[in-house]
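Subject: Structure for you to look through

Dear colleague,

Please open it first, and then read my notes beside it.

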Amino acid sequence: MTTPKTRQLPLAGLKVMELGQLIAGPFATKMLGEFGADVIKIEPPGTGDPLRKWRMIEDGTSLWWHVQSRNKRSVSLDLRTVEGQDLVRHLAADADVLVENFRPGTLEQWGLGYDSLSTANPGLIMVRVSGYGQTGPYRDKPGFGVIGEAMGGLRYLTGQPGEPSVRVGVSIGDSLSALYAVIGTLLALQERSRSGKGQEIDVALYESVFAMMESLLPEYDASGQVREPSGSALPGITPSNAYRIRDGDYVLIAGNGDSIFKRLMTVIGRPDLAEAPDLAHNDGRSRRAEEIDAAIETWSQQHGRDEILSALDEARVPAGYPYTAADIAHDPHYLAREMIQSFTRPDGRPLKVPGVLPKLSATPGRLGHGGPALGAHTEEVLDELGIDEATRTKLRNAGII
């Protein structure tokens, strides 16, 4: 992957402050940093972002950290102190974007709310990510991604019928909220280019999940129908399911296009289903979903995975299998698309990390460097602010930086 120079990147020159921790807010600033923004991450002295100690730890630092905080500059600063808050105001006066994911009202308690900061910098865009949003009866409740996934409707649908719901397996609620935060940032920047004024962007975890729930609400409103968990099937879209194969494992087959369905039925030796008039379109197939799934699995259980995928590829029927991390790391398509990248850790060892998305033809994003050490850029940033050494020493001795 060719790493473009900062000046060639689409967000070069954009100054972003990150006041937050863990996943949603920092994931959003990660994306902005990959496309050239100068992201200054504010962390509490001594401990830093808790994500530094999440998941697998190596040499005292989370491997996740090197993905989530790449291309950022770390400044250790105690936001609970008057001096720390003054420094944030100083930084915000020259910033384009401030991203925060504290509980609503926290910044206001510190005198760092939007009304205060935008007085000195009318063009400031403040992105606020929280569990329930900045308004409404639940605004003050603590909310993590898993709660947003539950309230947004996703958790209820995830799992097998009649069994307890399960997690998706990753922090999808936080990640979706981060994407909406980035979209909101880019929209606000576009508006600022016309009006010269910034604005607040209010992203709620549960709303980011709810926005993904397709026809869940209108189906309930129109018919009173509550969509139920369906395991690996896709209710109302047929056939699309996981099918057991000869060795007891599974393949995923999506034959729900009208012409695709006919080709799939031909492959499995069921021309009667391929040509059945009532199965020509999805609504008819969905009424006979169990019969169709049974026919596919009768065929799939007689064959191995590679044989099945080869036959379906030749027939142009979408099919695959659940990838593990090992499958991803060695897959030729991932490699060809430069989605498996490596950077060098401070000790000189390489570490594989996901590539950069989305892919821009003229101004692609950068992989850059991994997550910085806590406070690695404090002196550098304070120097840019013009803070003299005597003041820095005083702040350092007081534990504020």
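The notes below go from the whole chain to its sheet, then to a hairpin and a surface patch.

This is a predicted model, in which local features need pLDDT of at least 70 and side-chain atom pairs count only at pLDDT 80 or more, while totals for chains, interfaces and linings use all residues. Residues are numbered from 1 along each chain as its sequence is written, and side-chain values use heavy atoms, with hydrogens and water left out.

The secondary structure comes to 19 helices and 13 strands, where helices (H or I, at least four residues) and strands (E, at least two) are DSSP runs numbered from the N terminus. Of the 401 residues, 46% count as buried; buried means under 20% relative accessible area, exposed means over 50%, and partly exposed lies in between (1.4 Å probe, protein chains only). Among the contacts with a separation of 6 or more, 67% are between residues 24 or more positions apart, a contact being heavy atoms within 4.5 Å.

What is the strand order of the open sheet of six strands? The order is 5-2-1-6-7-8, with parallel pairing, and two strands are said to pair if DSSP finds at least two bridges between them. At the edges are strand 5 (72-76) and strand 8 (200-204), each of which pairs on one side only. The twist averages 20 degrees from one strand to the next, with axes taken as lines fitted to C-alpha atoms (for helices over the stretch in contact) and angles running from 0 to 180 degrees between N-to-C directions.

Within this sheet, strand 1 (residues 15-19) and strand 2 (residues 38-43) are joined by five bridges, and methionine 17 has isoleucine 40 in strand 2 as its bridge partner. Helix 3 (residues 82-92) lies across both of these strands, running at about 155 degrees to strand 1, whereas helix 18 (residues 378-385) lies across strand 2 and strand 5, at about 85 degrees to strand 5.

Strand 7 (residues 125-130) deserves a separate look, with six of its six residues buried. Ile125, Val127 and Val129 point one way, and Met126, Arg128 and Ser130 point the other way. Strand 7 pairs with strand 6 (residues 97-100) over four bridges, where arginine 128 is the bridge partner of glutamate 100. Strand 7 also pairs with strand 8 over five bridges, and there valine 129 stands opposite valine 203.

Elsewhere, strand 9 (residues 240-244) and strand 10 run antiparallel and are joined by five bridges. Their hairpin has five residues between the strands, and glycine 248 takes a positive phi near 95 degrees.

Lastly, Tyr156, Phe210, Leu217, Tyr220 and Val226 make a nonpolar surface patch of about 510 Å². Tyrosine 220 lies in helix 10 (residues 216-223), and tyrosine 220 counts as partly exposed because its relative accessibility is 46%.

With best wishes

Note on methods
Patch = residues over 30% accessible without salt bridge, like charges linked within 9 Å, V, L, I, M, F, W, Y side chains within 5 Å. Areas by Shrake-Rupley, 256 points an atom, 1.4 Å probe, with all protein chains shown as cover. Salt bridge = Lys/Arg side-chain N within 4 Å of Asp/Glu carboxyl O.
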